[in-house]
Amino acid sequence: MSVDNITVVIFSSDINVTKEMISMLNQTKLVNEILVLAKSEMNLDAKQLQSDFPFSAEAIKRIIETVSSKYLIVIDGTNRIEIIKSNIERFISTAENKNAGLVFSDYEFKANDKIISHPLIDYQLGSVRDDFNFGNCYLIDLDLAKRLVPELISIENNYHYSGLYDLHLALSRSSQLIRIPEFLYAVHQKTDSNNANKIFDYVDPKNRQVQIEMEKVASHHLKNINAFIASTDKKSIRFEDKFKVEASIIIPVKNRVNTIIDAINSALNQKTSFNFNLVVVDNHSDDGTSEKIKKISSANNRVVHLIPQRKDLGIGGCWNEAILHPECGKFSVQLDSDDLYSDENTLQKIVDKFYEEKCAMVIGSYKLTDFNLNEIPPGLIDHREWTDENGHNNALRINGLGAPRAFYTPVIREIKFPNVSYGEDYAVALAVSRQYKIGRIYEPIYLCRRWEGNTDASLSIEKQNGNNFYKDSVRTEEIKIRQEINRNKTL
């Protein structure tokens, strides 16, 4: 394998880490050239490029134009990595044998004398989110990248943050992005990283310009793969009046003895101009939750205590039991069993929004709190990145749409929830957004409690991968549906 075929680019943020990696790479004697991209000049034995925006279109274009090798190995220089010659060769042989535009692999963390395996997940059609994890070291077919430069919207518009994301999507349109399910390199973590709040980076106001760029790049990609849905292609809603109550608050629950009474009381305390009830779907709790629900429901006929016959239901399956129940109202409104409405006006605001915008779904905003309702970072999650014009397309790029979620019951009965306990809400929101208008409430109307017992507690790498793979799979199916819709429009 010729060294002329391989150049490495290090996105550098630490000179000492970069020096160590340069030394390691030189020892492999397999690399033709090492290129360091940093915000300022460093005293290094390597060719350097400077940019205030390392992931900008301008920086990515300079890398592509500067490098003459066949393959480019991209390294995240935040932490030192180590990789041996044979594993670099493994990247390249996979690219050649599979005709891949990008090759990545699993890796290991080395920290505090511990080695932790970090498997990744395969790339698929629906892996269009901008935070898809290719790891700290991956290979790009540079010949292909050079041919794709004219397709990059980030270069055309001189974007500062989305150049690399744009390139990844372009590569996916023209080739395979292949994961090698082997631990081909190690990442030496300098400090224990706290990623607890990274999932909320995209709703942080200080990152707004980043998100605007990412949305435009994602929309450009969807247009290129014929999965972009115009805002004009939405069905109108005519509300029916055949329901016993105007709204039902849906509470799926299993073993929440410490929180279920708080949730039910929060629902019952709502002040509205219409009749409403609660449908509490008790998924065979065995910790005392059932007894608490039964006591309240026997004293209050607005509380429907529903115990499914099936014992294989996830949260989505419990929602289906509720929305198909004859006592379910015209609007089905979410309340998780460990959360609360922010005040007694939440339900009225949600129903008013349905009529105001004639929409099939309403999504609110929430505050993150601890168990005792003390606000915790990042605080308010309002998803202001949503727009009526493009929110339904941008939804494919991000991992969530907000809470609480409420549905016009006839529409959600038609769509139904997948019988899972993660991502079920995201799946139906994508389906609704493809067909109907979604109304938004940007003031906080919901309190989302985070504690060690709920589904947002700290997750293992394997669980995070499972969740991400499922949502990517949901996106894959949704993109295929949208492509079919667009194909049929041209017939």
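Start with strands S13 and S17 (residues 405-408): 3 bridges join them, and they run antiparallel. Strands here are DSSP E runs of at least two residues, helices are H or I runs of at least four, and both are numbered from the N terminus. Two strands pair if DSSP finds at least two bridges between them. This is a predicted model, in which local features need pLDDT of at least 70 and side-chain atom pairs count only at pLDDT 80 or more, while totals for chains, interfaces and linings use all residues. Residues are numbered from 1 along each chain as its sequence is written, and side-chain values use heavy atoms, without hydrogens or water.

Select serine 332. Its bridge partner in S17 is phenylalanine 407.

Now show all of S13, residues 331-334. Phe331 and Val333 lie on one side, Ser332 and Gln334 on the other, and all are buried (under 20% relative accessible area, 1.4 Å probe, protein chains only).

Isoleucine 249 has valine 333 as its bridge partner in S13.

Stay on Ile249 and pick out leucine 278. The two are in contact (heavy atoms within 4.5 Å). Beyond four places in sequence, Leu278 also touches other residues, including Ile251, Ile264, Arg302 and Val304.

Finally, go to helices H14 (residues 424-435) and H15 (residues 461-490). Their axes are 10 Å apart, at an angle of about 15 degrees (lines fitted to C-alpha atoms over the stretch in contact, angles from 0 to 180 degrees between N-to-C directions). The helices are therefore roughly parallel (under 35 degrees). Among the residues that meet are Tyr426 and Leu430 in H14, and Val474 and Ile481 in H15.

Note on methods. Buried means under 20% relative accessible area, exposed over 50%, partly exposed in between (1.4 Å probe, protein chains only). Angles under 35 degrees count as roughly parallel, over 145 as roughly antiparallel, 65 to 115 as roughly perpendicular and the rest as oblique.
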